[in-house]
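This report looks at how side chains meet in one protein chain.

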Amino acid sequence: MKLSTLFVAGVCAGTLFASCDPHVAKERQLSLTHTTLVDNDAYQFFQLVGSKVVYENDYAAYAGGVARSSQAKQLAAKAQEVYGFLVPQLDSLARLKQVDFPIKGAARYAVAVEAQTAVEREKVAGNRVDSDELDEDELTTEHVASVSYSDDAYIHHVQHETAIMKDQLQRMTRNTDKEVRAFAEENQGKVAELFALAGGKEDANAHH
């Protein structure tokens with residue numbers, strides 16, 4: 001038998017054995033059929049919450065840099081803490097349960113162009129002067145928030161979104177999957193605390 005024939009036979013055999021590997025089979029099953037190890041309720045939880053956490057984390061990072069009120073700043077810092085923890089935890093749980101998770105394709109918070117523009121304000125003793133007369137050390141840079149951003153709007157947004165996540169986590173504490181249940185039980189308190197910090201009330205209609 002020629003060496004080339006033996007080589008081809010070896011490659012085919014290797015492919016056949018690899019396809020019999022349970023781990024490989026599971027990955028192929030997930031990619032081709034989107035079969036998961038959780039029920040439909042938990043799958044919807046992953047899709048809904050997973051599509052929100054990245055956006056909320058990005059929005060909190062932006063709000064923390066432009067917020068004027070102490071409440072909005074504190075809320076943004078807490079939101080980053082909560083969502084920064086939830087993103088990798090949700091990702092790990094989704095992988096464990098073979099859920100085709102939307103984190104990588106989730107919408108990200110996009111800051112308006114005007115909000116990214118740094119406005120240089122040259123000041124000497126509070127008076128505006130020609131920048132040619134100033135040393136570089138005397139220049140100060142001030143970041144201007146987008147006209148679409150306001151502390152009140154951000155606070156209301158957090159209140160609304162965390163109410164949804166809080167309800168979803170509460171629902172998952174009754175799920176039949178023990179890992180999903182444990183995740184919900186561990187994190188519902190964090191989200192509830194964020195909801196309360198945003199001024200949310202336990203009344204289901206109070207955040208609207």
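K97 and D177 form a salt bridge, with 3.0 Å between the closest N and O atoms. K97 sits in the loop between α4 and α5 (113-116) and D177 in the loop between α6 and α7, so this pair ties together parts that are 80 residues apart in sequence. Both K97 and D177 are buried. The model is a predicted one.

**Salt bridges**

Side chains of opposite charge can pair when their charged atoms come close. Searching the whole structure gives 7 salt bridges. Three of them are set out here.

| Pair | Closest N to O distance |
|---|---|
| K97 and D177 | 3.0 Å |
| R95 and D91 | 3.3 Å |

How many residues apart in helix α4 are K78 and E81? They are 3 residues apart, which puts about one helical turn between them. E81, at 52%, counts as exposed, because the limit for exposed is over 50%.

The pair R95 and D91 also belongs to helix α4, where 4 residues, or about one helical turn, separate R95 from D91. R95 is exposed, its relative accessible area being 57%. D91 has a relative accessible area of 25% and is partly exposed.

**The surroundings of K78**

K78 lies in helix α4. Which residues is K78 in contact with, leaving aside its neighbours within four places in sequence? They are E193, L194 and L197. With E193 there is also a polar contact between the side chains, at 3.4 Å. Salt bridges link K78, E81 and E193 into a network.

In soluble globular proteins, nonpolar side chains tend to be buried together. The largest nonpolar core of this model has 39 residues, and those touching the most other members are F45, F46, V53, L90, Y149 and Y154. Two or more residues of this core come from each of the elements α3 (40-66), α4 (70-96), α6 (151-172) and α7 (178-197). Which element gives the most to this core? It is α3, with 11 residues.

**Aromatic pairs**

A pair of aromatic rings is described by the distance of the centres and the angle of the planes. The whole structure holds 9 aromatic pairs. In one of them, F45 and F46 have ring centres 5.6 Å apart and planes at 65 degrees, so the pair is edge-to-face. The cut-off behind this label is an angle over 60 degrees. Both F45 and F46 are buried.

Y149 and Y154 make a tilted aromatic pair, with 6.4 Å from centre to centre and 35 degrees between the planes. Y149 is buried at a relative accessible area of 9%, and Y154 is buried at 1%. Ring pairs also join Y149 and Y154 to a cluster that includes Y55, Y59, Y62 and Y109. F45, F46, Y149 and Y154 are therefore found in the aromatic pairs and among the core residues that touch the most other members.

Notes:
Residues are numbered from 1 along each chain as its sequence is written. This is a predicted model: local features need pLDDT of at least 70, side-chain atom pairs count only at pLDDT 80 or more; totals for chains, interfaces and linings use all residues. Side-chain values use heavy atoms; hydrogens and water are left out. A nonpolar core is a set of buried Ala, Val, Leu, Ile, Met, Phe, Trp, Tyr and Cys residues joined through side-chain atoms within 4.5 Å. Buried means under 20% relative accessible area, exposed over 50%, partly exposed in between (1.4 Å probe, protein chains only). A salt bridge is a side-chain nitrogen of Lys or Arg within 4 Å of a carboxyl oxygen of Asp or Glu. Rings of Phe, Tyr and Trp (its six-membered ring) pair if their centres lie within 6.5 Å; planes under 30 degrees apart count as stacked, over 60 as edge-to-face and the rest as tilted. A polar contact is a pair of N or O atoms within 3.5 Å; within protein, one must be able to donate a hydrogen and the other to accept it, and residues adjacent in sequence count only if both atoms are side-chain atoms. Contact means heavy atoms within 4.5 Å.
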